[in-house]
Number of protein chains: 2
Amino acid sequence: MTTLSEVARLAGVTSATVSNVLRQRGKVGEQTRQRVLDAVAQLGYRPHLTARALAEGRAPTLALVVSSIANPFYPEFALAAERAARDHGRFLIVCNTNDDPDIGRAYLDQIAGTLSDGVLIMNANLPMDELRKTEQRGAPVVLCMWEKPDAPPELPCIAVDFFEAGAIAARHLLGLGHQCFAALVGSKKSGIHAERYRGFASACKEAGHPHPTQRTRYINDTVESGYRATMELLREHPQVTAIFASNDLPALGAMNAIADMGMNVPRDVSVTGITDIQWARVSRPALTTVAVPTEAAARMSIELLLALIERRSPSPVMHVTAAPQLVERASTAVPRKR
Amino acid sequence: MTTLSEVARLAGVTSATVSNVLRQRGKVGEQTRQRVLDAVAQLGYRPHLTARALAEGRAPTLALVVSSIANPFYPEFALAAERAARDHGRFLIVCNTNDDPDIGRAYLDQIAGTLSDGVLIMNANLPMDELRKTEQRGAPVVLCMWEKPDAPPELPCIAVDFFEAGAIAARHLLGLGHQCFAALVGSKKSGIHAERYRGFASACKEAGHPHPTQRTRYINDTVESGYRATMELLREHPQVTAIFASNDLPALGAMNAIADMGMNVPRDVSVTGITDIQWARVSRPALTTVAVPTEAAARMSIELLLALIERRSPSPVMHVTAAPQLVERASTAVPRKR
């Protein structure tokens with residue numbers, strides 16, 4: 001690759017002069033300026049953006065660390081975040097940890113503050129103290145979808161009221177007349193879907209139909225796990241008329257399991273999800289789900305990260321998105337007659 | 001962020017000594033070494049990887065430029081490429097162009113050779129001469145899924161025999177007894193799905209059932225476009241018994257359209273896709289498709305890129321993956337009786 005000094009040599013000037021011309025700084029005579037630009041063109045020199053960013057104490061990209069790029073929600077979020085970053089003249093690079101904290105740590109070590117001067121964290125399963133270390137080293141960190149607006153973390157975050165999302169799903173099913181549910185929770189008991197389940201259970205209890213824990217399964221957040229758990233649950237508890245899933249992927253798996261067991265969604269069993277990914281609209285029947293404001297959360301995450309980088313925001317700080325909203329489609333109906 | 005010179009100051013040594021200690025080069029006494037390491041720990045200094053990489057003429061990441069991260073095939077490819085990169089001690093950053101050549105060009109300008117020292121291009125809709133310029137500037141470029149093994153491009157590539165993929169789909173439908181097809185092509189007539197369609201049309205002709213072009217639609221590579229085009233095609237050509245789609249997304253849209261028109265897949269109309277994305281398995285009925293070797297193509301792309309970076313490969317060069325393979329699921333059957 002051509003270097004600044006090669007350009008300087010060809011133009012017969014110092015490297016500092018080349019730099020001044022390219023950055024439109026300092027006083028450089030028109031003839032010299034032209035000689036430098038000719039040399040740049042002749043050698044195909046490109047100013048070394050990273051080097052320049054380093055010299056200016058500023059890196060040109062933002063990083064988004066996601067736990068699983070194969071989970072279709074994350075590319076949807078990444079797309080929205082990338083658009084927001086570009087609106088602010090920044091590039092977004094996406095780093096995938098495959099749910100492995102060691103890989104996440106390696107990304108933070110290698111990228112934060114060097115390749116990128118700020119990091120968005122999307123459920124990357126990284127210990128909070130690792131993330132705080134990254135912040136202390138000078139690379140701001142934003143948690144993109146914090147699940148507990150009533151319990152802010154020690155890091156800046158965009159929060160979504162997932163407790164309410166769970167409650168909305170429950171109230172929808174209760175309103176249709178359902179009383180006997182099964183629940184699929186796409187994380188560990190204390191994991192990232194715990195709030196959604198708490199919201200669901202709380203709304204059931206409030207309505208006088210407390211949800212018995214033996215009809216709850218803690219599973220992976222995948223179509224396949226939702227499929228398997230639904231098969232088991234419906235065999236053990238044939239009286240169930242509706243399935244609450246903490247996320248769209250297990251909900252889609254539940255619908256397939258019900259169909260493969262020879263039953264009909266929603267006539268025999270209703271199913272609800274949370275998030276509203278593309279496949280919720282595309283599936284047949286289309287999935288009734290509680291939409292979270294993905295695009296707004298992505299935009300707010302980018303804007304908070306930039307405010308932190310430019311020291312326009314205190315840290316920690318929490319911004320909460322608009323409330324989740326029910327999207328009623330074809331996977332829910334009144335319960336079957338006994 | 002702490003700098004090398006701050007560490008040097010605290011340790012009472014020169015910057016060069018700090019650098020030597022951190023890189024385990026040069027001769028440094030044990031006492032001095034310990035003093036430097038203490039200062040590093042005390043100040044939380046991290047060696048500046050990008051700066052070091054630049055100094056060594058080596059950047060730490062590879063970039064994958066994709067046209068649309070929201071198309072579920074690309075995250076699946078990205079996941080496989082990222083795993084392969086990490087097996088070689090590299091990080092993969094994903095850059096999304098949103099099908100906009102200007103954004104792609106901006107990524108190439110900003111990232112190639114600075115943030116990344118090599119670029120994988122996945123259908124990013126970038127003019128070949130732009131890509132060659134990137135290569136000439138010293139950042140090798142690999143086209144990840146070249147569609148025409150019999151016509152190598154001027155850049156290094158991994159090729160997949162997509163003509164054969166189209167022919168496999170056609171032969172499967174012909175073998176079931178279908179003779180009257182509609183075709184959904186997820187690109188422009190001369191676009192990236194042209195070879196798949198050529199393979200399909202060629203196999204039809206060979207079997208004595210040439211495909212009339214009025215039953216072909218050139219559409220966007222999305223579920224929605226496949227849906228709309230199928231509605232139109234089946235209204236105009238009710239005699240059609242099978243739909244060939246050049247990709248899984250339009251095929252999934254076709255299945256929804258057929259169901260929403262009150263017909264049954266595969267009893268009334270059979271549907272085939274190409275690629276075998278996750279949703280081909282998850283959809284109901286599950287989609288019969290021609291699987292392309294995504295994971296192998298991703299791994300081969302990373303390995304070729306590294307060989308080019310390390311000057312172990314000539315350029316241009318083309319490697320061809322194993323052949324695509326039919327995956328027979330529930331969306332195809334013998335044609336309905338007239």
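A: The second largest pocket is lined by 47 residues, and those nearest its centre are S67(B), Y74(B), D99(B), N123(B) and I192(B). A pocket here is an open set of points on a 1 Å grid over the protein atoms alone, where a 1.4 Å probe fits, with protein on both sides within 12 Å along at least five of seven lines; lining residues have an atom within 4 Å of a point. Two or more lining residues come from each of helix 5 (73-87), helix 12 (278-282) and helix 13 (294-309) of chain A, and from each of helix 7 (128-136), strand 4 (141-146), helix 9 (194-206) and helix 10 (223-236) of chain B. Helices (H or I, at least four residues) and strands (E, at least two) are DSSP runs, numbered from the N terminus.

The model is predicted: local features need pLDDT of at least 70, side-chain atom pairs count only at pLDDT 80 or more, and totals for chains, interfaces and linings use all residues. Residues are numbered from 1 along each chain as its sequence is written, chains are lettered from A and ligands numbered from 1 in the order in which they are written, and side-chain values use heavy atoms, with hydrogens and water left out.

By class, the lining of the second largest pocket has 21 nonpolar, 14 polar and 12 charged residues. Ala, Val, Leu, Ile, Met, Phe, Trp, Tyr, Cys and Pro count as nonpolar, Asp, Glu, Lys and Arg as charged, and the others, Gly among them, as polar. The volume of this pocket is about 1400 Å³, taken as the space filled by probe spheres set on the points, which are joined across faces, edges and corners.

Chain A itself is divided into domain 1 (4-47), domain 2 (61-161 + 293-322) and domain 3 (162-292), with bounds from an automatic or database domain assignment. The C-alpha centres of domain 1 and domain 3 of chain A are 64 Å apart.
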